[in-house]
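Student: Could you take me closely through one part of this model, namely a pair of packed helices and the core around them? I would like a connected account that I can follow beside the coordinates.

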Amino acid sequence: MPEFDEADLQQKAKDHLWMHFSRQSVMEDGHGVPIIVRGEGHHIYDSKGKKYFDGLSGLFVVNAGHGRKRLAEVAAKQAEELAFFPLWSYAHPKAIELADRLAGYAPGDLNRVFFSTGGGEAVETAFKLAKQYWKLQGRHTKHKVISRAVAYHGTPQGALAITGIPGMKEMFEPLVPGGFRVPNTNYYRAEEMGFHGTEEEFGLWAANRIEEMIQFEGPETVAAVFLEPVQNSGGCFPPPPGYFQRVREICDEYDVLLVSDEVICAFGRLGHMFACDAYDYIPDMITCAKGLTSGYSPMGATIVSDRIYEPFKHDTTTFYHGYTFGGHPVSAAVALENLDIFEEEKINEHVRENSPKFRAALERLLDLPIVGDVRGDGYFFGIELVKNKATKETFNEDESERLLRGFLSKALYDAGLYCRADDRGDPVIQLAPPLTIGPAEFDEIESILRSVLTEAWSRL
């Protein structure tokens, strides 16, 4: 492993680097920042040589695992041959091949692929496309979008209007108008939303809140509903049985487009290329990114049904939208090779087979007084932390600050597990490891979590 001058890197970071979604004060006050220098399989290594379990696949990204030489080699080969060309009135072979491949994986008639460089851009694309589609139908007032409370859909101004986390938006207001929120599918907190009943009934109740919002705002003003198959923010809320079937009915009844935001959930995270297949619904658009290349090069895509594409086939109609690096040749080449790895190693099948074992390992933590709920699907789980299991009482602002930011994130990391401790919604620990791991690693994750959570409880 190459040597790194830790002090020099830390000084340069402190002087010049602006991190994302991060408190700069941590660097400013001299604590420094963890510097990750290498990845191998499901492990990452820092500049001091310490090894960590990557329990979050970087950021729900490195689905095929770190250090895949063949992905690096494909990137180098493509860069030598054609490093860059835009998709503005021109094309190149790898983007064409990848569009064909993704259309083949996508359900129903989702046959048209619009490339971007990441998930937020893919959502932005879907938002703009939904608005223009309805205008082309002569229905000019259909511009509003519905999403769920606490859901994260990206940071561009449009995507941010769809995001349902107030604390992430207030400093950028006024936002793009037209974003409306409905309840999410956190069954553990259903009673706080005013619902009492079974999980199946809760699914119908939550879906019907979408119908209620469409009726309230007026069907002639609502363009689309944006939903993640499993909602990330708030801590991995899976859809109750029947939820998406009911949502699909509602969207059809009121002429509203259904966008499946699969930036995290696609490409094996739930054991399928596209997560809508896991829950048996066909959306009008799919947004995806992250696992498409396993992070070896940046890429996003919006996959669109024939119906939405149809008006763009004629005359001078144009979608005035695009990105310099959308469909980048190197990223497209990496994506194709990454998808080959998925098929050769049967990664989706591996996730489907092992997901129940992963869940079972994490559910062993329910014997701890601080663990209120374990939820999720595939290789994507959240553990909700509570102050009182019987009443489901959560932590106040000050306790969350001390517990999550003051102790948990660093303690887990120091114990050798990189994952996410977050309180957008209620305090949760999220796990989304590379899709190549199995039962031995599930036990390793559980044992680290157990020791750190036991200590966290004693500190309360």
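**A helix crossing and the nonpolar core**

Tutor: Helix H5 and helix H11 cross in the left-handed sense, and this, like everything that follows, is read from a predicted model. The axes of H5, which spans residues 93–105, and of H11 come within 8 Å and cross at roughly 40 degrees. Since angles under 35 degrees would count as roughly parallel, the two helices are therefore oblique to each other. On the H5 side the contact is made by Lys94, Ala95, Glu97, Leu98, Arg101, Leu102 and Tyr105, and these meet Pro329, Ala332, Ala333, Ala335, Leu336, Leu339, Asp340 and Glu343 of H11.

From this contact one can move on to the nonpolar core, for Leu102 belongs to the largest one, a set of 101 residues in which Leu102, Phe274, Leu408 and Leu449 touch the most other members. Helix H11, covering residues 329–344, gives this core its largest share, namely eight residues. In soluble globular proteins, nonpolar side chains tend to be buried together. Leucine 449, for its part, touches Leu362, Leu365, Ile383, Leu412, Leu417, Ile429 and Leu431, when residues up to four places away in sequence are not counted. Apart from this core there is a second, separate one of 20 residues, with Phe127, Ala130, Ile162 and Met285 among its members.

Leu417, named above as a contact of leucine 449, also lies within strand S13 (residues 417–418), which runs parallel to strand S3 and is joined to S3 by two bridges; there, aspartate 54 has tyrosine 418 as its bridge partner.

Methods: Residues numbered from 1 in each chain as written. Predicted model: local features only at pLDDT ≥ 70, side-chain atom pairs only at ≥ 80, totals over all residues. Heavy atoms only, no water. Core = buried A, V, L, I, M, F, W, Y, C linked by side-chain atoms within 4.5 Å. Buried < 20%, exposed > 50% of the residue type's maximum accessible area, 1.4 Å probe, protein only. Helix = DSSP H or I, 4+ residues; strand = E, 2+ residues; numbered from the N terminus. Contact = heavy atoms within 4.5 Å. Pairing = 2+ DSSP bridges. Axes fitted to C-alpha atoms, helices over the stretch in contact; angles between N-to-C directions. Parallel < 35°, antiparallel > 145°, perpendicular 65-115°, else oblique. Left-handed = near helix turned anticlockwise from the far one by under 90°.
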